[in-house]
There are 2 protein chains.
Amino acid sequence: MQVPKKTGNSKLVKKLNKEEVLQQVVLHGQISRADISKQTQLSRPCVSALVDEMIQEGLLQEVGMGDSKGGRKPILLEYNYQAYAIAGAIFEGSTLDMAIANMKGEFLARYRKRLAQPANGETVIEDLAAGLDRLLRESGIPRERLLGMGVGLQGVTQRGSGTVSFSPSTGWMGSPIQQTIEARLGLPVIIDNDVNMMTLGEYVRGAGVGHTNVVYMYVGTGIGAGIILDGQFYRGSREAAGEIGFMMIGPVHNRPNGASGVFETHYSIPGIQEQAKGFLSDLQEGSSVIEELIRHAKQHAEAKELLADVYRHWAYGMANIISILNPEILILSGEMVHVDGEGVKQIHEWLREWVPEVPNLEKASLGERAGLIGAVHSVLEAFPFTRLLDKE
Amino acid sequence: MQVPKKTGNSKLVKKLNKEEVLQQVVLHGQISRADISKQTQLSRPCVSALVDEMIQEGLLQEVGMGDSKGGRKPILLEYNYQAYAIAGAIFEGSTLDMAIANMKGEFLARYRKRLAQPANGETVIEDLAAGLDRLLRESGIPRERLLGMGVGLQGVTQRGSGTVSFSPSTGWMGSPIQQTIEARLGLPVIIDNDVNMMTLGEYVRGAGVGHTNVVYMYVGTGIGAGIILDGQFYRGSREAAGEIGFMMIGPVHNRPNGASGVFETHYSIPGIQEQAKGFLSDLQEGSSVIEELIRHAKQHAEAKELLADVYRHWAYGMANIISILNPEILILSGEMVHVDGEGVKQIHEWLREWVPEVPNLEKASLGERAGLIGAVHSVLEAFPFTRLLDKE
DNA sequence: ATCTTTGTTAGTAATGTTAACTAACTGTGT
DNA sequence: ACACAGTTAGTTAACATTACTAACAAAGAT
């Protein structure tokens with residue numbers, strides 16, 4: 001058991017302070033040493049020393065003078081977002097979507113590839129490696145400046161141990177795949193469920209910005225949720241938190257598929273399609289079931305009825321989540337983003353009737369980029385900046 | 001904004017290390033300086049210094065020699081549970097239940113009083129003060145050694161701001177009552193909901209010991225839950241987490257009382273009584289509705305049916321909680337402790353059918369003492385041991 | 001008598017603090 | 001226009017605190 005050694009001379013505090021300084025810089029964009037000192041309660045000499053080190057490390061830059069407030073002009077500091085880069089990868093269906101980003105999370109290059117089906121675990125790793133090479137070439141980032149890669153995929157993952165227990169789209173099964181990929185790429189790798197990655201993306205750059213209790217509700221092939229409580233991602237005791245597809249919502253006695261939950265069986269997209277079989281038969285590839293259903297509902301009573309039923313049961317799910325977690329914001333994603341204004345209004349009204357503390361109800365704002373942004377940030381989170389030079 | 005000053009010479013690390021040392025002592029009961037050093041990765045001289053200070057402070061004691069393992073005998077250290085004391089108070093219905101405890105949470109004296117009804121806020125504070133005086137006298141603890149008092153009550157509390165917005169049993173309404181009581185008693189006071197206090201009690205001394213993700217489900221006059229995730233109490237963005245009485249479980253269109261949720265309306269004890277009106281009329285004060293219902297169910301079909309219905313809907317509630325939070329353990333409390341073995345087995349079977357990760361299902365193990373124990377620990381939590389001597 | 005284990009002492013390295021300094025600029029009175 | 005006081009930014013130097021390593025003393029096992 002390796003406990004991080006608080007070496008007597010305690011690097012621990014230094015690290016904390018360094019992170020705090022960096023945080024101030026990131027927060028303010030541009031700030032002087034003196035202002036950092038005021039904000040952090042650290043003495044000016046101390047801030048100076050820490051800043052100087054971080055300039056040496058390439059994390060900070062002096063970018064000119066600020067305006068005087070009646071004395072010497074301050075030297076403004078800026079976070080050097082270019083110091084390092086991060087890669088992200090998302091498997092969605094049969095496509096692999098990758099990007100390389102700076103430390104602000106801005107994409108520097110992007111790459112997409114259709115994978116051969118059915119997926120073969122080993123080939124997929126090679127695809128990942130090839131994609132990374134290409135991104136590095138395209139962006140001109142040298143490999144040494146890459147901090148790591150975040151990988152999101154549909155299926156069942158155990159982020160803690162780095163294993164993937166079920167994932168048809170990648171062909172990875174059991175065994176700690178994370179280490180295998182790390183070995184192949186020579187990089188730290190973080191593997192997580194795609195919904196979790198999207199949740200993280202929306203939390204740091206999308207609809208969730210500024211909130212500390214966020215639930216990201218996703219309805220697509222399945223129904224799931226990502227949960228951030230008091231600013232921390234909550235995963236549950238066996239990484240099964242947010243499996244809201246198993247809530248007891250809908251016709252309880254009708255659950256043909258043993259692997260799916262009751263809610264998911266009836267109110268995920270396949271479940272809805274099944275219910276709409278009579279009148280919603282011919283769907284083009286890539287079109288939205290909900291959009292189609294809304295269109296039909298304008299003319300056909302049975303479609304209108306089904307749509308209302310779907311909204312109502314989704315709202316039941318939200319009410320349960322809200323009762324238990326009292327989040328500040330509930331982010332609607334997946335096919336839910338196609339619900340029209342009227343639908344959202346209806347759902348909101350129901351919730352106001354049912355529960356005392358209705359959170360903000362907002363649609364996901366990052367679209368398909370959410371997952372990639374989250375994947376990139378999963379690495380940033382794991383590398384709280386100053387840990388960089390701990391390689392000693 | 002007062003940020004805890006990491007004085008250059010950093011007391012912060014020292015405090016952390018001191019707490020770690022103390023934790024080792026508490027964990028092992030008796031332990032030597034050398035063993036603490038091995039466990040904590042702190043050097044032996046450092047441990048010695050910290051221990052000596054804590055002996056000065058009265059927090060630790062040397063209690064004799066241990067067995068030699070081939071060398072000098074170790075001097076065993078013990079946590080001095082008597083160093084300070086904590087008071088706890090619980091308002092339940094019209095009775096006030098108080099106790100004074102040592103730092104292990106062991107009760108040293110207890111006191112109960114029936115309050116005049118209807119409760120008058122100011123008189124109740126005097127009752128609290130009188131009770132505390134009596135407990136101090138009885139236990140022989142000098143007032144200076146009292147760290148604080150935890151107060152639990154039925155109603156709506158905002159622990160953050162120390163206000164009570166609705167509480168018939170104490171007559172406290174709005175306004176930050178916590179400060180008022182602190183001024184009257186001359187002690188730090190923590191005010192919280194009774195279910196939260198019971199949750200904390202079971203977490204630290206009852207069924208929840210050893211788990212980090214715990215949900216405490218309470219069915220009584222209302223239905224509520226206390227939630228501990230990753231070892232932290234989770235309260236929600238407006239302290240409304242765990243209001244599971246508002247889940248959409250049961251007959252959705254039948255909610256006569258606007259203030260209660262759907263689940264609570266039908267499946268709390270008053271709700272069940274309402275449903276059982278036909279055959280469960282004459283209940284003595286203090287007897288258990290569930291016990292009576294179980295007795296009736298052995299002979300009468302309608303009682304049997306209702307009981308099964310109650311169990312089933314409680315199980316729905318559990319399934320929803322489990323789907324969202326994936327806790328390690330679900331503690332059943334309130335009237336749920338009267339469910340017999342068969343009932344628990346039935347519920348467990350349902351859950352195994354419905355959700356993938358069924359947690360331990362355990363009845364609350366502390367009985368009516370849970371709330372008081374929790375109240376006492378709420379103070380201990382707020383006083384992480386070594387903060388004691390920070391009064392400088 | 002030698003080896004082990006526990007606990008302490010002495011000297012050192014790391015970190016951050018305060019006090020005092022230099023640098024650089026604003027504003028005011030003449 | 002210009003000197004000078006006042007203000008703000010950043011640095012230097014001396015000091016305090018903390019925990020470390022190395023060496024030693026104490027006490028017991030073999």
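**A friendly note on this predicted structure**

1. The structure holds 41 salt bridges over all chains, where a salt bridge is a side-chain nitrogen of Lys or Arg within 4 Å of a carboxyl oxygen of Asp or Glu. Please keep in mind that this is a predicted model, in which local features need pLDDT of at least 70, side-chain atom pairs count only at pLDDT 80 or more, and totals for chains, interfaces and linings use all residues. Residues are numbered from 1 along each chain as its sequence is written, chains are lettered from A and ligands numbered from 1 in the order in which they are written, and side-chain values use heavy atoms, with hydrogens and water left out.

2. Start with the pair Glu53(A) and Lys14(A), whose closest N and O atoms are 2.6 Å apart in a salt bridge. Glu53(A) belongs to helix H3 (residues 44–56) of chain A and Lys14(A) to helix H1 (residues 11–28) of chain A, so the pair ties together parts that are 39 residues apart in sequence. Helices here are DSSP runs (H or I, at least four residues) and so are strands (E, at least two), numbered from the N terminus. Glu53(A) is partly exposed, with a relative accessible area of 28%, and Lys14(A) is partly exposed at 35%. The cut-offs are under 20% relative accessible area for buried, over 50% for exposed, and in between for partly exposed (1.4 Å probe, protein chains only).

3. Now look at chain B, where the side chains of Asp97(B) and Arg112(B) meet in a salt bridge (3.9 Å, N to O). Asp97(B) sits in strand S5 (residues 95–102) of chain B and Arg112(B) in strand S6 (residues 107–114) of chain B, so this pair ties together parts that are 15 residues apart in sequence. Asp97(B) is buried, with a relative accessible area of 8%. Back in chain A, salt bridges that share partners join Lys14(A), Lys18(A), Glu53(A) and Glu57(A) into one network.

4. What about the fold of chain A? Chain A has 12 helices and 15 strands. Its radius of gyration, taken over C-alpha atoms, is 24 Å, close to the 21 Å that the globule rule gives for 392 residues, so chain A is as compact as a globular protein of that length. That rule is 2.2 Å times the number of residues to the power 0.38. Of the 392 residues of chain A, 54% count as buried.

5. Not counting residues up to four places away in sequence, Phe91(B) touches several residues, including Leu96(B), Leu115(B), Val151(B) and Trp172(B); contact means heavy atoms within 4.5 Å.

6. Gln41(B) is not a glycine, yet has a positive phi of about 70°; Gln41(B) is in the loop between helix H2 (33–40) and helix H3 (44–56) of chain B. Glu239(B), also a residue other than glycine, has a positive phi near 55°, and its place is the loop between strand S14 (232–233) and helix H7 (262–267) of chain B. Gln41(B) is partly exposed at 33% relative accessible area, and Glu239(B) is partly exposed at 25%.

7. Finally, a word on cysteines. Counting a disulfide as a pair of cysteine sulfur atoms within 2.5 Å, the total comes to 0 disulfides over all chains. Cys46(A) is partly exposed, at 27% relative accessibility.
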